[in-house]
Amino acid sequence: MADKTRHICGISGGKDSSALAVYLKQSRPQLDIEYFFCDTGAELPETYEYLNKLEGVLGKPIARLNAERGFDHWFEVFRGALPSPQMRWCTKNMKIKPLEEWIGDDEAVSYVAIRADEANRKGYISTKPNIQTVFPFLEADIDLDGVNAILDDAGIGLPEYYEWRTRSGCYFCFYQRKAEWVGLAERHPELFEKARRIEQKVLTDAGVDGDSSYEDFAMQGRAYTWSQGETLDELIARKEEIVKHHEEALARAKKSRRNLPLVAVLGAALDEEDDTTPCAVCAL
Ligand code: SF4
């Protein structure tokens with residue numbers, strides 16, 4: 001009887017999972033790999049453009065798994081609480097659920113793009129017994145340079161948002177660092193404004209008027225703002241200060257990491273503010 005095991009590779013829109021997709025096509029041509037992307041409907045335009053390019057390289061479509069219900073629905077279900085690192089209802093409902101429904105009870109091998117230089121990081125590991133997880137980059141000792149080389153050789157390079165942001169995912173993702181929020185405001189003012197409006201709704205519902213500062217409403221255990229410690233209005237009012245800090249951090253990272261690719265320098269500079277490991281489902 002033919003082996004019906006499915007071979008699946010999730011693409012987050014980030015460099016590592018994209019490079020893994022290319023690597024699997026090259027290194028395992030005998031497998032019928034199914035590529036998929038969990039689309040929250042709130043991804044950056046650069047991500048959608050990059051996925052189209054990647055499909056050209058892979059020579060097959062990337063299945064777009066859309067959550068049956070989007071952010072607005074779940075935002076209501078969670079009674080207007082913003083998702084946060086402590087309460088990541090967005091990933092669970094808009095990414096993992098659609099994925100597990102897509103796989104159903106099929107036996108599947110899931111290929112995950114943890115690199116050799118970040119072996120301690122955990123990617124999405126399903127708790128479902130029918131899904132086996134493997135890590136091809138760890139097996140082949142492929143690190144950041146290796147990932148960049150795979151994407152360069154394939155002729156697609158990095159997604160464009162890597163000029164200002166190192167984590168893939170929703171435009172409003174709370175894992176963004178301050179300089180990334182400023183980058184969003186500059187590159188996609190309409191998306192920044194949408195994120196700002198969601199935050200304003202949370203504040204209004206909490207009975208906080210527009211002139212209040214973060215300190216006026218900070219309460220433990222509930223996320224009222226996207227970015228730690230301040231509203232987006234407060235953050236953007238400090239734009240010059242944030243940009244100045246970021247440029248100084250970039251200069252330091254360049255100086256101390258002369259041989260690293262630019263994306264690693266940008267990552268190191270952003271990590272100076274916050275090096276929390278981002279969501280392993282959304283940012284690979
Ligand atoms: S990218 Fe961020 S906001 Fe979007 S689903 Fe993932 S963790 Fe949530």
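Predicted model: local features only at pLDDT ≥ 70, side-chain atom pairs only at ≥ 80, totals over all residues.
## The ligand and its surroundings

As for its location, the ligand sits in the second largest cavity.

## Salt bridges between and within elements

The structure holds 23 salt bridges, and a few of them are described here one by one. In one of them, the side chains of Glu 34 and Arg 6 meet with a distance of 2.9 Å from N to O. Because Glu 34 belongs to strand β2 (residues 33–39) and Arg 6 to strand β1 (residues 6–10), this pair ties together parts that are 28 residues apart in sequence. The two partners fall into separate accessibility classes: Glu 34 is partly exposed, with a relative accessible area of 24%, whereas Arg 6 counts as buried at 13% relative accessibility.

Another salt bridge joins the side chains of Glu 193 and Arg 196, with 3.0 Å from N to O. Here both residues lie in helix α8 (residues 189–205), where they are three residues apart, about one turn of the helix. Glu 193 is partly exposed, its relative accessible area being 26%, and Arg 196 counts as partly exposed at 21% relative accessibility.

## A further pair and a network

Arg 238 forms a salt bridge with Glu 241, and the closest N and O atoms of this pair are 3.1 Å apart. Arg 238 is partly exposed, with a relative accessible area of 26%, while Glu 241, at 39% relative accessibility, counts as partly exposed.

Beyond such pairs, salt bridges also link Lys 15, Asp 16, Arg 115, Asp 117 and Glu 118 in a network.

## Loop residues with positive phi

Arg 79 has a positive phi of about 50° although it is not a glycine, and its place in the chain is the loop between α3 (71–77) and α4 (89–103). With a relative accessible area of 72%, Arg 79 is exposed, because that class covers values over 50%.

Asp 141, which is not a glycine either, has a positive phi of about 55°. Asp 141 is found in the loop between α5 (136–139) and α6 (144–153), and at 60% relative accessibility Asp 141 counts as exposed.

## Lysine 254 in helix α11

Lys 254 is part of helix α11, which spans residues 239–256. With a relative accessible area of 48%, Lys 254 is partly exposed, since the exposed class requires a value over 50%.

Technical notes. Residues numbered from 1 in each chain as written. Heavy atoms only, no water. 1 Å grid on protein atoms, 1.4 Å probe; cavity = no way out; pocket = protein on both sides within 12 Å on 5 of 7 lines; lining within 4 Å. Sits in = over half its atoms within 2 Å of the grid points. Helix = DSSP H or I, 4+ residues; strand = E, 2+ residues; numbered from the N terminus. Buried < 20%, exposed > 50% of the residue type's maximum accessible area, 1.4 Å probe, protein only. Salt bridge = Lys/Arg side-chain N within 4 Å of Asp/Glu carboxyl O.
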